[in-house]
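User: I would like to learn how to read helix packing and backbone features in a model. Please take them one at a time.

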Amino acid sequence: MELNDFINNFAAVFDDTEESAFTPECNFQELEEWGSLTALGVIAFVKTQYDKQVTGQEIRSCHSIEELFNLINSK
């Protein structure tokens, strides 16, 4: 899994946020669109795209897209 591919796929979970906002350093939890439904979308995205399980608590522990990427890669 490549970081840039992950970022593009991750950005697809968001409907209203500009794609340019998504960088490895982006703190996705600070995006205006972030909320519990988006978090559920991320959990579903990780399961369907990468066949890996991630919890809400694990997502909350990540402060950037790159941290989330690294978490998923470590599973």
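User: Is the crossing in which α1 passes α2 left-handed or right-handed?

Analyst: This is a predicted model, where local features need pLDDT of at least 70, side-chain atom pairs count only at pLDDT 80 or more, and totals for chains, interfaces and linings use all residues. Residues are numbered from 1 along each chain as its sequence is written, and side-chain values use heavy atoms, with hydrogens and water left out. A crossing is left-handed if the near helix is turned anticlockwise from the far one by less than a right angle, and right-handed if clockwise. Here α1 passes α2 in a right-handed crossing. On the α1 side the contact (heavy atoms within 4.5 Å) uses Asp5, Phe6, Asn9 and Phe10, and on the α2 side Val42, Phe45, Gln49 and Tyr50.

User: Which residues of α4 are buried?

Analyst: Buried means under 20% relative accessible area, exposed over 50%, partly exposed in between (1.4 Å probe, protein chains only). Helices are DSSP runs of H or I with at least four residues, numbered from the N terminus. In α4 (residues 65-73), the buried residues are Ile65, Leu68, Phe69, Leu71 and Ile72. They line one face of the helix, because they fall within an arc of 160 degrees seen down its axis, taken from the directions from the helix axis to the C-beta atoms. Their cover includes α1 (3-11), α2 (36-50) and α3 (56-60).

User: What is the phi of Asp51?

Analyst: Most residues other than glycine have a negative phi. Asp51, although not a glycine, has a positive phi of about 55 degrees. Asp51 sits in the loop between α2 and α3 and is exposed, at 58% relative accessible area.

Technical notes:
Helix = DSSP H or I, 4+ residues; strand = E, 2+ residues; numbered from the N terminus.
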